[in-house]
Amino acid sequence: MPARKEFLLSAVLDRTDLTTSGPLVPATTLPETDERLARADLRGQIARLERQLGELFASAFPRRGFEWKVGAIGGPRVLSTGELERLRDALAMRLRDVQAELGRQADVEEANRGLLESMIAAPEEHRWVIVSNQDIGEPGCRHWHSRPRWGILGMLMGWWRLRISSGCPLAAGPRPPASVARSL
Amino acid sequence: MSDPPAVDETRPEVGWIAAELQQEFPGLALMQLVVERGSGRSTKEVKERLKLLSDRFSGGQAINMRHQPIPWAYRVFYRHIGLDPDEQRTPVEELALDRMKHGGFRSHNLLDDALTIAIVESGVAVRAFDADRVSGPLGIRPTAAGEQLEGRPGELPPGTLVVADAERPLSLLFGALAQGRGVSPKTKRTLLIAIQVGGVPAIAVEEALWLAASVLRG
């Protein structure tokens with residue numbers, strides 16, 4: 001249809017709002033399917049990082065001092081490729097930070113376990129030193145305390161021993177007064 | 001008042017998912033089931049069941065929850081839609097945290113207790129609406145410009161993922177409910193919905209709905 005083609009061409013030529021400074025062809029963009037594949041791939045990476053973080057969370061317990069939050073991008077909505085990349089990078093960074101912190105704490109715990117062994121072998125060489133379960137990365141409230149037998153006499157005589165605490169307080173709290181216990 | 005949703009009480013019905021979301025999240029699905037009753041006081045049996053569930057649910061389970069398949073799938077999906085599951089907890093993690101804080105799953109009312117049992121047993125996200133206050137089967141879609149949640153100030157940003165009926169958004173996906181669409185003391189019929197995400201087997205979703213419905217029916 002030559003008449004229609006001429007009409008369209010003249011319509012474009014007559015337009016004054018078109019400038020020659022911009023590109024005459026549209027900027028190259030990835031086809032939508034490629035974008036979707038890229039997002040699917042990023043979602044897979046995020047899923048794997050989340051699994052690793054979850055495993056680390058379980059193995060880090062009962063240690064404290066870790067930051068697990070990554071921060072919300074803002075939703076609920078479909079995230080763009082750029083946002084998914086940002087999230088992936090943030091998760092990877094969080095994972096690296098937690099691994100580094102866990103490694104640092106593991107070194108300290110290893111040193112504390114060594115200290116505990118030497119306290120058991122020679123309590124007099126570690127006077128008044130306390131090592132708790134938390135110091136060696138174990139759950140519970142137990143602690144080992146190097147202290148003299150028979151108080152000041154043991155201190156003067158050098159009779160040191162390692163005392164092990166009896167553990168956590170009872171979950172039910174302190175024992176009720178005798179009058180209350182009788183009424184129960 | 002709108003027409004009751006066309007769902008069968010005996011078996012869950014699959015809800016609709018907007019086409020663009022199906023392409024982005026192939027595992028995303030919504031299943032729904034109507035129960036011909038509202039909430040009310042929890043029975044002694046339900047409270048006993050919650051207590052048994054509390055005894056079975058230990059701290060170790062809560063710690064290891066993040067890398068169990070179903071809770072992990074919800075955490076991942078939260079990430080995929082821009083939520084941080086450590087700030088806005090997934091339903092099962094929220095209940096686990098509540099269990100740890102209070103030493104047990106607390107009883108609130110029959111519907112909440114039914115949802116607690118279903119979520120903790122299955123790990124699946126289940127929630128409830130007043131079946132007589134929704135119009136047609138529910139689904140998940142992004143919002144258009146100018147839409148809002150009833151009773152909430154301001155418009156929702158376009159593209160916000162919502163659970164919606166044929167007419168309006170009923171709640172944010174895993175978030176706030178529109179006013180007047182949830183279950184109230186006046187509710188006569190309850191619409192239970194379960195949101196399935198990639199990695200969650202359909203059988204777990206059906207089990208979650210069946211569990212919640214069976215507790216509600218008594």
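Axes here are lines fitted to C-alpha atoms, for helices over the stretch in contact, and angles run from 0 to 180 degrees between N-to-C directions. The tour below concerns a predicted model.

**Stop 1: chain B as a whole**

Chain B holds 7 helices and 8 strands. Its C-alpha trace spans about 45 × 35 × 35 Å along the principal axes. A compact globule with 218 residues would have a radius of gyration near 17 Å, and chain B, with 17 Å, agrees with that. Of the 218 residues of chain B, 48% count as buried. Consider also the contacts in chain B between residues at least 6 apart in sequence: 72% of these join residues at least 24 apart.

**Stop 2: helices 6 and 7 of chain B**

Next, select residues 110–122 of chain B, which form helix 6, together with residues 202–217 of chain B, which form helix 7. The axes of these two helices lie 8 Å apart, and the packing angle is about 150 degrees. Angles over 145 degrees count as roughly antiparallel, and helix 6 of chain B and helix 7 of chain B are therefore roughly antiparallel to each other. Their crossing is right-handed.

Show the side chains of the contact. Helix 6 of chain B contributes B:Leu110, B:Leu111, B:Asp113, B:Ala114, B:Leu115, B:Ile117, B:Ala118, B:Glu121 and B:Ser122. From helix 7 of chain B come B:Ala204, B:Glu207, B:Ala208, B:Leu211, B:Ala212, B:Val215 and B:Leu216. Coloured by residue class, the contact of helix 6 with helix 7 of chain B divides into 12 nonpolar, 1 polar and 3 charged residues.

**Stop 3: where chain A meets chain B**

Now bring chain A into view. In the contact between the chains, 25 residues of chain A touch 25 residues of chain B. On the chain A side, helix 2 (residues 32–60) gives the most, with 11 residues. The residues of that side of chain A divide into 13 nonpolar, 4 polar and 8 charged.

Helix 2 of chain A passes helix 4 of chain B in a right-handed crossing.

Which residues meet between helix 2 of chain A and helix 4 of chain B? On helix 2 of chain A, select A:Arg43, A:Ile46, A:Ala47, A:Glu50, A:Arg51 and A:Gly54. Facing them on helix 4 of chain B are B:Trp72, B:Arg75, B:Val76, B:Arg79 and B:His80. The residues of this contact divide into 4 nonpolar, 2 polar and 5 charged.

**Stop 4: two cis peptide bonds in chain A**

Move to the loop between helix 2 and helix 3 of chain A, where A:Pro62 lies. A cis peptide bond joins A:Phe61 to A:Pro62, with omega about 10 degrees. A:Pro76 has its place in the loop between helix 2 and helix 3 of chain A as well. The peptide bond from A:Gly75 to A:Pro76 is cis, with omega near 10 degrees.

**Stop 5: positive phi at two tryptophans**

Select A:Trp128, in the loop between helix 3 and strand 1 of chain A. Its phi is near 65 degrees, a positive value in a residue other than glycine. Is A:Trp128 buried or exposed? It has 10 C-beta neighbours inside 10 Å and so counts as exposed.

Then select A:Trp150, in the loop between strand 2 and helix 4 (151–157) of chain A. A:Trp150 has a positive phi of about 60 degrees although it is not a glycine. With 11 C-beta neighbours inside 10 Å, A:Trp150 counts as exposed.

**Stop 6**

Select A:Gly114 in helix 3 (residues 81–121) of chain A. A:Gly114 counts as exposed, because it has 11 C-beta neighbours inside 10 Å. Draw a C-alpha to C-alpha distance from A:Gly114 to A:Ile136: the two are 22 residues apart in sequence and 9.6 Å apart in space.

Finish at A:Gly140, in the loop between strand 1 (130–132) and strand 2 (143–148) of chain A. With 12 C-beta neighbours inside 10 Å, A:Gly140 counts as exposed. Leaving aside neighbours within four places in sequence, A:Gly140 is in contact with A:Asn133, A:Gly167 and A:Cys168. The C-alpha atoms of A:Gly140 and A:Met157, 17 residues apart along the chain, are separated by 33 Å.

Definitions and conventions:
Residues numbered from 1 in each chain as written. Chains lettered and ligands numbered in written order. Predicted model: local features only at pLDDT ≥ 70, side-chain atom pairs only at ≥ 80, totals over all residues. Contact = placed C-beta atoms within 7 Å. Helix = DSSP H or I, 4+ residues; strand = E, 2+ residues; numbered from the N terminus. Nonpolar A, V, L, I, M, F, W, Y, C, P; charged D, E, K, R; others polar. Parallel < 35°, antiparallel > 145°, perpendicular 65-115°, else oblique. Left-handed = near helix turned anticlockwise from the far one by under 90°. Rg over C-alpha atoms; globule rule 2.2 N^0.38 Å. Buried ≥ 20, exposed ≤ 12 C-beta atoms within 10 Å, placed from the backbone.
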